[in-house]
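Trainee: I have a new model open and I'd like to learn how to read it. Can you walk me through a few features?

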Amino acid sequence: ISKQMLEQVLREIQPLCTVEQQFIETFFQLSHDAADLQVLEVSVRTLGLLFIFNLFLRLEEPTTQLLSKIFSCLEPELRGFLDVCNKVHPFGCLQVLVTLSDSIFEMWGSSPALPPSFLSTVLGNILLLAKSNFNKCIGTLCKEIEEAKMPSKARGGILPSVSCFKEFVNFSEEVFRTARRRGELDKAHLRLASSVFSSINSLSSANLKVNTDMVMMENFHHIHRFLCQKKIQCLESKKREANERYSEHMEKYVIKYLGQPLEKLNHFFEGVKARVAQGVKEEEVSFQLAYSKQELRKVIEKYPGKEVRRALETLYRKIHKDLSPEENLLPVVWHAMEQEFLRQYQEFEELLQRCYAGSGIAMDFTMEDLLSYFNSITVSN
């Protein structure tokens, strides 16, 4: 609504100011000399429009002086109108910025070699105000995103800061869809994306009731998926970063929970690897008291096939409870769990063959058993 009203205001005042300026210049025989026009033409081509606005704001011309007195209330009224537009909608400054920029661009684009009109000079001042309001809005939004706290009773899911970022991007892209220029918006997008990433990173020090890596994984995945849909050029690097962070935290989440089903077995073989890394020969590891064949048998006895399957079922239920349904990451995470579990099992088997060769010691389940466990759990759920 504010956009339509501003466009109507500009349509109403433009012919009025133009006719009045033409009358004054004709009646009082006021015009720019050839030298001024030549300088202006070169400046427009080489330095850009905003510079020209600032240049002519400093020129005290008779025409400008007369029009400033006739339309003395124009600029204050336009400034007041901008304040109203900003109050109508939290992001009203975006619509104002686009409308003013396009209007001024059309004025200058139609006759770039001519000196600026009184109206274009006034609108230039208003445009600077609109840009200032826009930057303040973005600064406030960045601060809100960075300082946003996760609800105390929240158990994961998409963070308020991520939802806020999406809301702004969706709204702004619609507003700027037909805009002639979007440099200001691109800079704002990058600032906000950095604030969102900072907000998510701050969770690592938060006292959450759920796994921090899981929350960060889901939110970076959500941002990556959103940016893939929007296809915003200036955010390509942020899209790649979000994907990298998603993968990083999924790996941490998988590794943290993976050791739980075979915790003692995992701990035992980590110790074996540590002894080998310290210089103990592989064939002599079994002579270490804590890693003897007898101790290995005791640990293996704690993990019969049925217990492993039951532990995996418990793990699946926990993951299902942790993950939010909106991201649908359960199949992805569970598959990653399976791959890492099989890799870890293969590592245990290799350590058995190298450090306990000829002992006849073997785990109660095979690789085929594990594949069967994961498959049946997936199908039954």
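This is a predicted model: local features need pLDDT of at least 70, side-chain atom pairs count only at pLDDT 80 or more; totals for chains, interfaces and linings use all residues.

Trainee: How many salt bridges does the structure hold?

Mentor: A salt bridge pairs a side-chain nitrogen of Lys or Arg with a carboxyl oxygen of Asp or Glu, within 4 Å. By that rule there are 17 salt bridges here.

Trainee: Which residue meets Glu-174 in a salt bridge?

Mentor: Look at Arg-177: its side chain meets that of Glu-174, with 3.3 Å from N to O. That counts because the cut-off is 4 Å.

Trainee: And are Glu-174 and Arg-177 buried, partly exposed or exposed?

Mentor: Check the relative accessibility. Buried is under 20%, exposed is over 50%, and partly exposed lies in between. Glu-174 has 48%, so it counts as partly exposed. Arg-177 has 58%, so it counts as exposed.

Trainee: Now helix α11. What separates Glu-236 and Lys-239 there?

Mentor: Count along the helix, which covers residues 236–258. Glu-236 and Lys-239 are 3 residues apart, which means about one helical turn lies between them. They form a salt bridge, and their closest N and O atoms are 3.2 Å apart. Glu-236 is partly exposed at 21% relative accessibility, while Lys-239 is buried at 18%.

Trainee: Which residue does Arg-245 form a salt bridge with?

Mentor: Its partner is Glu-248, again with the closest N and O atoms 3.2 Å apart. Arg-245 is buried, with a relative accessible area of 16%, and Glu-248 is partly exposed, with 31%.

Trainee: What links Glu-173, Arg-182 and Asp-186?

Mentor: A network of salt bridges joins those three residues.

Trainee: Let's turn to the nonpolar side chains. Where do they tend to be in soluble globular proteins?

Mentor: In soluble globular proteins, they tend to be buried together. In this model, the largest nonpolar core has 107 residues. Helix α7, residues 118–147, supplies the largest share of this core, with 13 residues.

Trainee: Which residues have the most contacts inside that core?

Mentor: Those are Leu-100 and Val-333.

Trainee: What does Val-333 touch?

Mentor: Leave out residues up to four places away in sequence, and Val-333 touches Met-217, Met-250, Tyr-253, Val-254, Ile-319 and Leu-323.

Conventions. Residues are numbered from 1 along each chain as its sequence is written. Side-chain values use heavy atoms; hydrogens and water are left out. Buried means under 20% relative accessible area, exposed over 50%, partly exposed in between (1.4 Å probe, protein chains only). Helices (H or I, at least four residues) and strands (E, at least two) are DSSP runs, numbered from the N terminus. A nonpolar core is a set of buried Ala, Val, Leu, Ile, Met, Phe, Trp, Tyr and Cys residues joined through side-chain atoms within 4.5 Å. Contact means heavy atoms within 4.5 Å.
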